[in-house]
Amino acid sequence: MTTQLPPPPPSPPTQVNITIDGVKVVAKPGTMVLQAAMDAGIYIPYLCYYPGTKPFGACRMCVVKVEQPGPDGQLRPLPGSPASCTTPVAEGMVVKTNLPDIVDLRKGIMDLLLSEHPHGCLTCHRIELCGPADVCLRHVSVNDRCVTCPKNERCELKDTVRWLDIPMETPLTYNNRHLPLKVKDPFWDMDMNLCIVCGRCVRVCDEIRGDTALTFLNRAGKSLIGTSRGTSLLESGCEFCGACIDACPTGALVERDYKWDKANRTVVTTCPHCPVGCQMTLEVNKRNKVIRSIPLRQAEANRGQACFKGKFGLDFVNHKDRLKKPLVRVNNQLREASWDEALDYLAERLPKHKGKYALIASPRGINEEAYLAQKFARVVMATNNVDLSSNLRPELTAPLSEMLGHQAATNPIWELEQSKGFLVVSSNMTEEQNVVVLPIKKAARAGAALIVIDQRETELTRYASLWLRPRPGSETALVGGMLRVIVDESLADAQFVGDRTSGADALRAAVSAFDLAKVEAATGIPQAKFQDAARRFAKAKPAAILYALDTLPAAMRGDCVRALVSLALATGNVGKPSAGLYPLFTGANEQGGRDVGCLPDYLPGYRRVEDPAARAEVAKAWSAEVPSAKGVSLRDMATAIGDGRVSALHIIGDSANFSNGQLPGFMESLAKLDLLIVQDSFLTEVNRAAHVVLPTFTFAEKNGTYTNMERRVQLLRPAIGPKGEEEASWRVIYRIARRMEAEGFDHEDTVNIFEELKDLVPGYGGLSYARLQKGGVQWPCPSPDSSGTPVLHAAADRKFAFAPVKLEEPPAHSDAEYPLVLARGRVLLDPDGEMEVVDAGRRNAVRRDEVIEMHPDDARRMGVSAGDWLEVIGRGERFKGVARLTGPQRGMVAATALFGQLATQLDASRTADPMMDVPGLPLTAVRVEKASAPAVSADLAAAD
Amino acid sequence: MAADSETLRQQIRESIKTQKRPTVTVLSSLLAVQDSLGYLPDEAIEEVAAHSKATINEVWGVASFYTNFRFTPPAKHVVEVCWGPTCHLVGATGIIQGLLDEFKLSGEGDTPDGRVTLRYNTCLGACAQGPVMMVDHHLAGRVTPETARAKVKSLGDTNGHR
């Protein structure tokens with residue numbers, strides 16, 4: 001017998017023609033038959049297949065018969081019954097999905113699956129008769145009843161069985177596994193009696209999330225899903241994103257909250273927790289409550305992923321403490337009032353504060369609301385005192401506008417998957433812009449160079465090829481040093497520098513200050529190490545830069561961003577796919593708020609307040625005067641209130657930044673105000689000082705648009721209706737303006753406002769609600785026929801200038817009482833640390849000895865040796881831990897917590913919106929003392 | 001407790017590091033630890049994970065897949081009885097029953113005093129000698145329930161299999 005090899009194909013085809021059940025289908029090469037069939041609208045049942053993961057072929061539900069042309073052109077059957085999810089399409093392939101023997105085979109396989117899955121919900125003879133009030137008596141045994149499955153009637157397995165039309169008289173005996181349920185981890189319940197071991201959860205956690213917090217246990221018939229040694233998720237590296245729950249086709253993994261509730265409608269909207277702008281399908285029950293959120297797979301911003309905040313942190317919209325009526329201060333007490341009373345109160349007092357009024361809008365506010373708010377402040381109150389309550393770091397974007405001419409991330413989030421290198425500077429993305437981490441982790445696992453500059457240990461440092469921990473405040477010097485290495489070793493992209501920038505000489509001048517020895521002295525990072533970082537970054541093309549600059553002093557951020565922009569320009573990483581710069585701010589709609597001019601120094605469309613021509617344009621559009629003086633920014637608000645420049649403050653929406661100490665003196669300054677107006681959904685610390693509190697919608701009731709960090713304008717659709725007299729925030733402003741008889745406030749709904757604002761914000765010109773219904777669009781989108789701009793600066797229409805940056809010594813830390821700097825980190829996994837998960841009553845808790853990293857020199861000076869117990873004491877914080885002499889810098893100590901500890905806290909929190917209180921990881925001043933070993937672990941005590 | 005655990009970790013790290021294989025994998029590391037300790041303690045899962053940049057779950061997935069790994073300290077002696085087809089035909093059932101009675105066990109496993117581990121083996125590769133058993137890696141052929149019991153009675157308190 002001779003084997004004939006097929007002739008080598010001349011060139012790879014761009015499309016493949018196959019026939020599925022007689023239908024001609026065109027697919028891309030490399031597509032699996034199952035996906036090609038689905039794209040063509042042909043259903044093949046499947047259980048283990050999950051979009052975005054690699055072909056797996058475990059459940060065998062998608063078996064088909066396939067014939068493929070041989071070298072002679074004759075159709076030959078592929079052996080056996082291949083699974084269509086692992087069979088790639090090939091030219092001329094003929095697929096039959098519904099031959100009788102295939103249907104029989106599927107039914108047999110399903111019989112086997114059901115022999116280990118409770119299926120009373122399919123076999124009970126009362127299915128058609130049973131009503132919600134009926135009591136199930138002897139029809140089905142207790143463990144197998146439909147009502148004991150949280151996914152009853154929303155179960156993929158059940159739907160598949162019904163589609164297969166199986167007569168449920170199986171000859172197989174049914175075996176219940178009788179395994180105990182796991183219900184003690186945060187947010188999440190696991191019932192392995194319902195698992196069909198399709199492995200979707202394991203593969204999603206590994207391939208998409210990069211966490212591998214779940215695994216297959218044992219093998220063959222005993223195989224199930226679980227964690228190492230059956231431990232809790234708290235120590236298995238789980239980030240509580242809920243991706244496994246979204247993937248689970250049965251009731252094995254479910255959200256604990258509203259576990260048994262059924263949705264009666266679903267609405268797709270945008271998550272209000274961070275600037276990624278995840279599109280979420282909200283499930284709403286008949287009592288008008290949002291019961292679940294499921295990230296949308298088709299959404300370009302998040303591609304079916306979310307995080308602990310979006311998945312488990314949206315319940316605040318249902319909270320019983322939501323404000324339902326306006327409150328007005330009478331005799332120094334907040335009393336419920338009617339809208340008319342509240343509006344009259346304001347209309348009477350507000351005019352007296354013209355020019356001395358300030359407005360702080362919420363980053364959770366929609367674009368329309370932010371636009372109307374700044375218009376109100378500027379037109380009616382004659383002031384530029386407007387800002388966003390999340391805008392603590394305006395320096396992240398200001399240098400971008402100076403050097404590149406825009407104020408946003410240059411590239412889309414998911415392009416990062418194809419990046420070959422990353423520089424991440426002082427960012428805790430896992431907790432603040434979670435989904436952005438996913439493409440980075442994926443690329444890093446595939447070999448991309450990931451350079452992390454951060455004093456703190458974060459999740460990303462685990463994936464880093466190089467983790468640099470410079471002295472606090474020396475990040476700019478480090479970036480400048482890297483740039484200098486790139487210039488000195490001719491690693492810069494000469495062509496890009498020549499064509500698109502002010503040139504190689506300007507670049508050389510920009511880095512002249514960064515003498516390598518001085519950089520080493522300033523940063524405390526050995527030359528060899530940052531040279532290595534520079535070489536790796538320069539050789540990785542394309543490479544992206546992401547920065548939050550959390551730990552930098554405000555005064556140093558601007559220069560650091562300038563250095564980063566220069567680095568991106570020098571390496572030719574601007575205007576190309578999978579490259580660029582990503583400023584990481586925190587507010588969900590901070591980008592949109594800035595775009596529409598909710599800033600003290602910019603009018604809508606980034607027109608500068610000082611520019612008379614820009615003012616004139618806006619004034620013409622509004623038929624009103626626009627004040628010319630720069631407004632008071634959020635960071636200066638306390639001072640401005642103190643010296644009387646601001647006498648009336650209008651706050652829209654609460655923000656953790658008011659009470660978390662990020663704005664020194666702010667809370668105290670509120671008492672000095674003559675008028676404090678708050679529009680909010682809850683009565684918070686800030687509201688208690690208010691003169692008028694106006695109840696407003698949360699994101700779940702809003703109709704409007706958010707702009708995410710990659711400039712994607714996306715819709716919010718109302719999922720639930722109001723519970724009392726609360727109103728949309730834009731309408732509250734509108735009503736105040738109307739009551740004050742102001743001109744230019746005659747909008748009937750958010751569509752009118754959007755139509756008005758898009759004339760003033762050039763990038764939004766081509767957008768409309770109708771268009772956004774089909775999905776988000778990235779600005780600039782100047783006209784209706786533009787499809788938006790994923791990558792900024794792709795066209796070589798201008799030359800960028802390098803900005804010289806000074807080499808500054810990091811600011812000396814001179815605090816006699818607290819001489820050290822503490823860098824707190826948080827990670828998902830701590831494999832080589834001693835830890836124990838203990839059952840603390842209703843929930844699991846982590847018991848773990850904190851490890852305090854200290855520089856050997858500091859330890860020697862203090863007489864500390866490795867393994868000693870230390871106590872860290874700072875302003876308002878103290879904790880004990882074991883010394884480890886691995887600290888990277890003198891004068892600095894580091895302690896890394898476990899994400900599981902935070903997860904238990906969030907789960908147990910009784911505040912309305914716990915995700916707002918996720919503690920950041922700022923650097924703090926501390927002192928360290930020797931201590932004795934604690935008797936009981938602090939964490940455990942807290943959990944009880 | 002913490003100090004003991006640290007010593008154990010040292011030992012584990014040592015055996016992971018001193019493997020003489022061209023490619024060190026999760027599996028080879030687990031085998032190396034089991035070779036030196038006789039079992040895989042929790043710390044082994046964590047240390048192998050840290051060493052191979054995997055998560056503890058990935059390592060556990062591998063470890064739990066293979067029935068040859070054990071997760072509790074081994075008994076002092078290992079007694080294996082062949083119950084492959086040949087031995088079965090020539091009387092392995094009786095041998096097994098005899099040993100179960102001797103050890104007061106109801107199946108494979110460790111005796112309560114931690115002296116002996118009894119395991120069934122599907123073939124010890126000496127069918128001509130059947131029925132076959134193995135005591136601390138020493139093969140014995142043509143055993144009867146009585147000779148089998150006699151063999152294990154004489155097992156001392158010293159560690160026999162390493």
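This is a predicted model: local features need pLDDT of at least 70, side-chain atom pairs count only at pLDDT 80 or more; totals for chains, interfaces and linings use all residues.

Trainee: Okay, how do β13 and β26 of chain A run, and how many bridges join them?

Mentor: Strand β13 (residues 327-330) of chain A runs antiparallel to β26(A), and two bridges join them.

Trainee: And β25 of chain A, how does that run with β26(A)?

Mentor: Parallel: β25 (residues 675-680) of chain A is joined to β26(A) by four bridges. In β26(A), L694(A) is the bridge partner of Q679(A).

Trainee: Which way do the side chains of β26 in chain A point, and are they buried or exposed?

Mentor: V692(A) and L694(A) point one way, V693(A) and P695(A) the other, and all are buried. The strand covers residues 692-695 of chain A.

Trainee: Why do the side chains of a strand alternate like that?

Mentor: Because in a regular strand the side chains alternate between the two faces of the sheet.

Trainee: Switching to chain B. What's in it?

Mentor: Seven helices and five strands. From the N terminus, the order in chain B is α-α-α-α-β-α-α-β-β-β-β-α.

Trainee: In what order do the strands of chain B sit in the sheet?

Mentor: The five form an open sheet, β2-β3-β1-β4-β5 in chain B, with mixed pairing. Its edge strands are β2 (109-110) and β5 (138-140) of chain B, each pairing on one side only.

Trainee: What about β1 and β3 of chain B, in which sense do they pair?

Mentor: Parallel, over six bridges, between residues 77-82 and residues 116-121 of chain B. V79(B) is opposite L118(B) in β3(B).

Trainee: What are the overall dimensions of chain B?

Mentor: The C-alpha trace of chain B spans about 50 × 30 × 25 Å along its principal axes. Of its 162 residues, 48% count as buried. Chain B exposes about 8,600 Å², with carbon and sulfur atoms supplying 55% of that.

Trainee: And the charges in chain B, how far apart are their mean positions?

Mentor: 5 Å, for the 16 positive and 18 negative charges of chain B.

Trainee: Last topic, the interface. How much area do chain B and chain A bury between them?

Mentor: About 1,700 Å², 51% of it on carbon and sulfur atoms. On the chain B side, I56(B), N57(B) and W60(B) lose the most area to chain A, together 33% of what that side buries.

Trainee: How many residues does each chain put into the contact?

Mentor: Chain B gives 16 residues and chain A gives 21 residues.

Note on methods. Residues are numbered from 1 along each chain as its sequence is written. Chains are lettered from A and ligands numbered from 1 in the order in which they are written. Side-chain values use heavy atoms; hydrogens and water are left out. Two strands pair if DSSP finds at least two bridges between them. Buried means under 20% relative accessible area, exposed over 50%, partly exposed in between (1.4 Å probe, protein chains only). Accessible areas come from the Shrake-Rupley method with a 1.4 Å probe; for residues, only the protein chains shown count as cover. Lys and Arg count as positive and Asp and Glu as negative; His and the chain ends are not counted. The place of a charge is taken as NZ of Lys, CZ of Arg, CG of Asp or CD of Glu. Contact means heavy atoms within 4.5 Å. Buried area is the accessible area (1.4 Å probe) that two parts lose on being put together, summed over both.
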